[in-house]
Amino acid sequence: MTHPTLKITYFDMTGRAELTRLALHIGDIPFEDDRLTREAFAALKPTLPFKQVPVLTVDGEVLAQSHAMARYAGRLAGLYPTDALEAFRVDEILAASDDTLAKLMPSFREQDAAKRLVLREELSAGPLPEHFACIEARLAAHKGPYFLGDALTIADLELYGSRQMLSSGWLDGIPTDILDAYPRWNAIADAVAAHPKVAAWEAAHKA
Ligand SMILES: N[C@@H](CCC(=O)N[C@@H](CS)C(=O)NCC(=O)O)C(=O)O
């Protein structure tokens, strides 16, 4: 099967590009994994559609917005439902994940480490667990092993990636066990982690 020529441009980190990278990798769809230094980003920024990364270059055309990229990659890779209602369920999880990031954003922007810690501790004491409980409740439709049953989707990959971000210890002030209270979320993330293509990707990139 022929695919468009694809290049993901982002920083050398997981962040907002990893979902698209992982979807293309799982789908055996070749792509260039263009990882920018801060200096290279500064030079490129004025040319970018929203002056931000990630961007996905498709046959020479630069397109942006991480979840739009992920849905496109998901469609190419067979990881996005063709059924409209199932797609809605997947989109809901992606948007809920954006809401998590929005809650964390002031702490990402805070330069003072002590103030950042306080912001994250406040989030961990209420707003984040409350939001995560809502996500967990939406996973009640979880059929196993993945959210929508046997078919892996980008919603599962997003839940997996969010767990990595939240539980890695990278976010000082967020307890690494903050997701322990959500068994459906963890079951899905565990199933994704056990996927051979995901395990291979992690072995190649996290060593
Ligand atoms: N809505 C955009 C947000 C993109 C975004 O916030 N990108 C950040 C990196 S994660 C960025 O480019 N920051 C540098 C800047 O804005 O100058 C998306 O989902 O792709």
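Let's start at the ligand: one of its nitrogen atoms is 2.7 Å from an N or O atom in the side chain of Q65. A polar side-chain atom of Q52 lies 3.2 Å from a ligand oxygen, and a polar side-chain atom of R16 lies 3.5 Å from an oxygen atom of the ligand. How much of the ligand does the protein bury? On its own the ligand exposes 510 Å², and the protein buries 72% of that; such areas come from the Shrake-Rupley method with a 1.4 Å probe, and for residues only the protein chains shown count as cover.

Before going on, keep in mind that this is a predicted model, where local features need pLDDT of at least 70 and side-chain atom pairs count only at pLDDT 80 or more, while totals for chains, interfaces and linings use all residues. Residues are numbered from 1 along each chain as its sequence is written, and side-chain values use heavy atoms, with hydrogens and water left out.

Back to the ligand. The residues around it are Y10, F11, R16, F41, K45, Q52, V53, P54, Q65 and S66, each being near in the sense that one of its heavy atoms lies within 4 Å of the molecule. The ligand sits in the largest pocket. A pocket here is found on a 1 Å grid over the protein atoms alone, as an open set of points where a 1.4 Å probe fits, with protein on both sides within 12 Å along at least five of seven lines. To sit in one, a molecule must have more than half of its atoms within 2 Å of the grid points.

Next comes helix α1, residues 18-26; helices are DSSP runs of H or I with at least four residues, strands are E runs of at least two, and both are numbered from the N terminus. How many residues of α1 are buried? Nine of its nine, where buried means under 20% relative accessible area, exposed means over 50%, and partly exposed is in between (1.4 Å probe, protein chains only). The buried residues of α1 pack against the strands β1 (6-11) and β2 (32-36), and against the helices α3 (66-77), α4 (84-109), α7 and α9 (196-205). After α1 comes D28, with a positive phi near 55 degrees.

S162 is in α7 and counts as buried because its relative accessible area is 10%. Leaving aside neighbours within four places in sequence, S162 is in contact (heavy atoms within 4.5 Å) with S97 and W185. With residues up to four places away set aside, S167 touches T176 and L179. Between S167 and D180 there are 13 residues of sequence separation and 9.3 Å in space, C-alpha to C-alpha.

Over in helix α6 (residues 127-138) you'll find H131. Is H131 buried or exposed? H131 is buried, because its relative accessible area is 12%. Its side chain makes a polar contact of 3.2 Å with that of T100; within protein, that means N or O atoms within 3.5 Å, one able to donate a hydrogen and the other to accept it, and residues adjacent in sequence count only if both atoms are side-chain atoms. Beyond four places in sequence, H131 is in contact with A96, D99, T100 and K103.

Last stop: P183, in helix α8 (residues 183-193). P183 is exposed, with a relative accessible area of 57%.

Methods
1 Å grid on protein atoms, 1.4 Å probe; cavity = no way out; pocket = protein on both sides within 12 Å on 5 of 7 lines; lining within 4 Å.
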